[in-house]
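Please look through the sequence and the structure shown below before reading on.

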Amino acid sequence: MGTSASSTGPNNQSPLVPPWAEQGEPIQFGSCDDVDGGQDSSGGDGQDDSNDVNQEIDNGKVQEQISGTINTAPRPNRLAGARTSFGEYARGGGGSSNLRSSLRKYAKGSGGGSGTSRRLASGITAGTGLFRMMSGDSVTVNNITLSLSDLNGLSTDQAIDRITEHLTPDNGDADAVRIALDYALAEALPDEDDFAASVITEDVMHEALSCYLTDLIFQDIVTGMGKAWFYTEHASKHHRMEEELRELVKVVVQQQVEDLTHGNAGRITRDNITQLQVDAIKQTVEVWESYND
């Protein structure tokens with residue numbers, strides 16, 4: 001998969017949380033099985049859930065689920081230490097010590113767990129859309145609706161393209177979210193030529209979630225490190241660095257998802273998918289903050 005390593009990354013004028021992470025087009029959900037439109041879906045208690053946060057998600061609602069506050073104003077040289085450590089990692093062609101040091105400094109310089117979750121709100125919104133679609137819901141973005149049943153008969157690659165195109169936000173996070181969606185679906189879906197909605201199981205959704213968050217966080221680090229990626233002279237070393245970083249992120253993310261779900265994919269639900277993503281990202285970054293040089 002591609003990366004954003006060509007970016008110079010945020011500078012001293014860049015806010016910790018970009019404005020597009022705090023607002024954006026909503027993603028709306030509907031049940032593909034709800035044929036009467038007016039049936040009570042609250043379990044028969046008569047409660048109107050038409051305004052339930054679970055029927056719609058946007059970046060603002062994601063922000064509301066993130067605890068803690070951060071100063072989003074630009075902080076001079078906040079990533080200088082992380083980039084220095086990452087540059088040493090790159091010049092050496094890899095090595096876990098410098099990588100862990102750079103991640104610890106990056107976690108602190110980028111706003112910690114809360115700051116990272118807030119910055120990745122567009123990705124969390126898209127991730128909620130992905131899970132809801134994989135759970136059988138119809139997903140509407142910009143008045144266009146898509147569900148898994150619409151993809152039956154397409155090739156798996158075509159189905160991935162349709163889902164990714166539908167959920168990618170039209171903002172500064174578009175490239176990172178698109179890459180993460182592609183990566184997650186390519187990794188999680190069965191290796192079949194043709195797509196069928198019936199292949200989406202709890203285990204597939206669990207794998208897709210872990211892979212999606214892994215790549216979303218990976219892209220954020222790559223962008224943040226900017227030119228430090230290119231301190232290595234050989235393309236083969238650059239590729240090895242990417243693999244090493246992605247694997248380290250994946251191991252930590254998977255552990256957080258396992259802890260949050262108690263190892264049971266069935267615990268990932270429509271009601272908790274947004275909060276679960278927030279918590280997994282926060283806890284991943286907090287693990288990095290605990291690293292010692």
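## A hairpin and its turn

In this predicted model, strands E3 and E4 form a hairpin with two residues between them, and Asn-142, which is in the turn, has a positive phi of about 50°. Asn-142 has this positive phi although it is not a glycine, and its place is in the loop between E3 and E4.

Two of the facing pairs can be found by name: Val-141 has Ile-144 as its bridge partner in E4, and Thr-140 stands opposite Thr-145 in E4.

## The sheet around the hairpin

Strands of a sheet pair through backbone hydrogen bonds, and the pairing may be either parallel or antiparallel.

On the other pairing of E3, five bridges join E1 to E3, and these two strands run antiparallel. Within this pairing, Phe-29 stands opposite Val-139 in E3.

Is E3 mostly covered or mostly open? E3 is mostly covered, since five of its five residues are buried. In a regular strand the side chains alternate between the two faces of the sheet. In E3, Asp-137, Val-139 and Val-141 point one way while Ser-138 and Thr-140 point the other way, and all of them are buried.

## The protein as a whole

The protein has 10 helices and four strands. Read from the N terminus on, its elements run β-β-α-α-α-α-α-β-β-α-α-α-α-α. Of its 293 residues, 49% count as buried. Among the contacts with a separation of 6 or more, 81% are accounted for by residues 24 or more positions apart.

## Two helices that cross

Two packed helices are described by the angle between their axes and the distance between the axes. For helix H7 (residues 174-188) and helix H8 (residues 202-225), the axes come within 8 Å and cross at roughly 145°, and the crossing of H7 and H8 is right-handed. On the side of H7, the residues that make the contact include Ala-176, Ala-180, Tyr-183 and Glu-187, while those on the side of H8 include Val-204, Cys-211, Asp-215 and Gln-219. By class, this contact of H7 with H8 has 13 nonpolar, one polar and three charged residues.

H7 itself has 15 residues and reaches 21 Å from its first C-alpha to its last, which is close to the 21 Å expected at 1.5 Å a residue. The buried residues of H7 include Ala-174, Val-177, Ala-180, Leu-181, Ala-184 and Ala-188. An α-helix has 3.6 residues a turn, so residues three or four places apart point the same way.

## A covered helix

How many of the residues of helix H4 (residues 112-119) are buried? Helix H4 is mostly covered, with eight of its eight residues buried. Among them are Gly-112, Ser-114 and Thr-116, and also Arg-118 and Arg-119. What covers the buried residues of H4 includes helix H1 (59-64), helix H3 (96-109), helix H5 (121-134), H8 and helix H10 (273-289).

Thr-214 lies in helix H8. Its relative accessibility is 0%, and because buried means under 20%, Thr-214 counts as buried. If its neighbours within four places in sequence are left aside, Thr-214 is in contact with Arg-246, Val-249, Lys-250 and Val-253.

His-262 lies in the loop between helix H9 (235-261) and H10. At 59% relative accessibility, His-262 counts as exposed, because exposed means over 50%. His-262 has a positive phi of about 55° although it is not a glycine.

Note on methods: Residues are numbered from 1 along each chain as its sequence is written. This is a predicted model: local features need pLDDT of at least 70, side-chain atom pairs count only at pLDDT 80 or more; totals for chains, interfaces and linings use all residues. Side-chain values use heavy atoms; hydrogens and water are left out. Axes are lines fitted to C-alpha atoms, for helices over the stretch in contact, and angles run from 0 to 180 degrees between N-to-C directions. A crossing is left-handed if the near helix is turned anticlockwise from the far one by less than a right angle, and right-handed if clockwise. Contact means heavy atoms within 4.5 Å. Ala, Val, Leu, Ile, Met, Phe, Trp, Tyr, Cys and Pro count as nonpolar, Asp, Glu, Lys and Arg as charged, and the others, Gly among them, as polar. The expected span of a helix is 1.5 Å times one less than its number of residues. Buried means under 20% relative accessible area, exposed over 50%, partly exposed in between (1.4 Å probe, protein chains only). Two strands pair if DSSP finds at least two bridges between them.
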